[in-house]
Amino acid sequence: MPPTSERPRARGNAAERILAAAAQCVGQLGAAQVSLQTVADSAGVSKALIHYHFRDRDELLARLVDWVTVALVQGEDAALVDADATTALDNMWGWLEGELASGRLRALGELAGERGDAVRDAIRRSREARRAQATLTIERLFAAHGLVPRLPAPLIGDVTVAFLDGLAGEVAVEPEGNHRLRFDVFWLSILSLAE
């Protein structure tokens, strides 16, 4: 068996590489400007390999939405696993800062404007999963601080998802802005909704 570095990449690795390249392309160029050839060039693979893993552009973008959503939900959840009142917001910022740097959150926002049925269905699933995770995050953050929200947690979760999406767009426009300050002010405002 050849050493790991000399072994051919597994098929799953190629699909992951293609999805990562697609996320980067969508985040940088906007979904409308991304073709299968653009993704192939970015991933360093042939267009035929993309067709091997994804039937067409619509399927690639729909699977990209699902892939990004899983990473977002898992990352947000992991940020609060062992968090308490003193570490929760810093942990959340650490997770979000990584997502903002990766461009995946921005890519998800760009994909919301796609017209294909498969992508729209994936965006709906994404919105539901992110809303459910944001609701859980709200409940955990309030509980970590010994607080009870005056508004329903799902409503605050919707606001949180909208804030995160807006912050991802802002990072693209103003990369050197003080995004941590905006994050802190947002969460102070949210936590002020306690009974």
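This is a short tour of a predicted model, stop by stop.

**Before you start**

Residues are numbered from 1 along each chain as its sequence is written. Because the model is predicted, local features need pLDDT of at least 70 and side-chain atom pairs count only at pLDDT 80 or more, while totals for chains, interfaces and linings use all residues; side-chain values use heavy atoms, without hydrogens or water.

**Stop 1: the nonpolar core**

Select I50, L60, L64, L96 and W187. Within the largest nonpolar core, which has 55 residues, these five touch the most other members. A nonpolar core is a set of buried Ala, Val, Leu, Ile, Met, Phe, Trp, Tyr and Cys residues joined through side-chain atoms within 4.5 Å. Buried means under 20% relative accessible area, exposed over 50%, and partly exposed in between (1.4 Å probe, protein chains only).

Now colour the helices. Those giving two or more residues to this core are α1 (11–29), α2 (36–43), α4, α5 (88–102), α6, α7, α8 and α9 (179–191). Helices are DSSP runs (H or I, at least four residues), numbered from the N terminus. Which helix gives the most to this core? It is α4, with 8 residues. In soluble globular proteins, nonpolar side chains tend to be buried together.

Zoom in on L60. Leaving aside neighbours within four places in sequence, L60 is in contact (heavy atoms within 4.5 Å) with I18, L19, A22, L36, V39, I50 and F54.

**Stop 2: A21**

Select A21, in helix α1. Is A21 buried or exposed? At 6% relative accessibility, A21 is buried. Beyond its neighbours within four places in sequence, A21 is in contact with V39, S42 and A43. Then pick D66. The C-alpha atoms of A21 and D66 are 15 Å apart, and 45 residues separate the two along the chain.

**Stop 3: the cavity**

A cavity is a set of points, on a 1 Å grid over the protein atoms alone, where a 1.4 Å probe fits but cannot get out; its lining residues have an atom within 4 Å of a point. There is 1 cavity of 30 Å³ or more. The volume of the largest cavity is about 60 Å³, a volume being the space filled by probe spheres set on the points.

Select its lining: L72, V73, E76, W95, L105, R130, Q133, A134, V161 and L164. Two or more lining residues come from each of α4 (57–79), α7 (117–144) and α8 (153–173). By class, the lining has 7 nonpolar, 1 polar and 2 charged residues.

**Stop 4: salt bridges**

R130 lies in helix α7 and D165 in helix α8, so the pair ties together parts 35 residues apart in sequence. R130 is buried at 9% relative accessibility, and D165 is partly exposed at 30%.

A salt bridge is a side-chain nitrogen of Lys or Arg within 4 Å of a carboxyl oxygen of Asp or Glu. The count is 14 salt bridges.

Move to E110 and R106, another such pair (3.3 Å, N to O). They sit 4 residues apart in helix α6 (residues 104–111), so about one helical turn separates them. E110 is partly exposed at 26%, and R106 is partly exposed at 27%.

Then try D117 and R120, joined by a salt bridge (2.5 Å, N to O). They are 3 residues apart in helix α7.

Finish with R55, E59 and R63, which are linked in a network of salt bridges.

Note on methods: 1 Å grid on protein atoms, 1.4 Å probe; cavity = no way out; pocket = protein on both sides within 12 Å on 5 of 7 lines; lining within 4 Å. Nonpolar A, V, L, I, M, F, W, Y, C, P; charged D, E, K, R; others polar.
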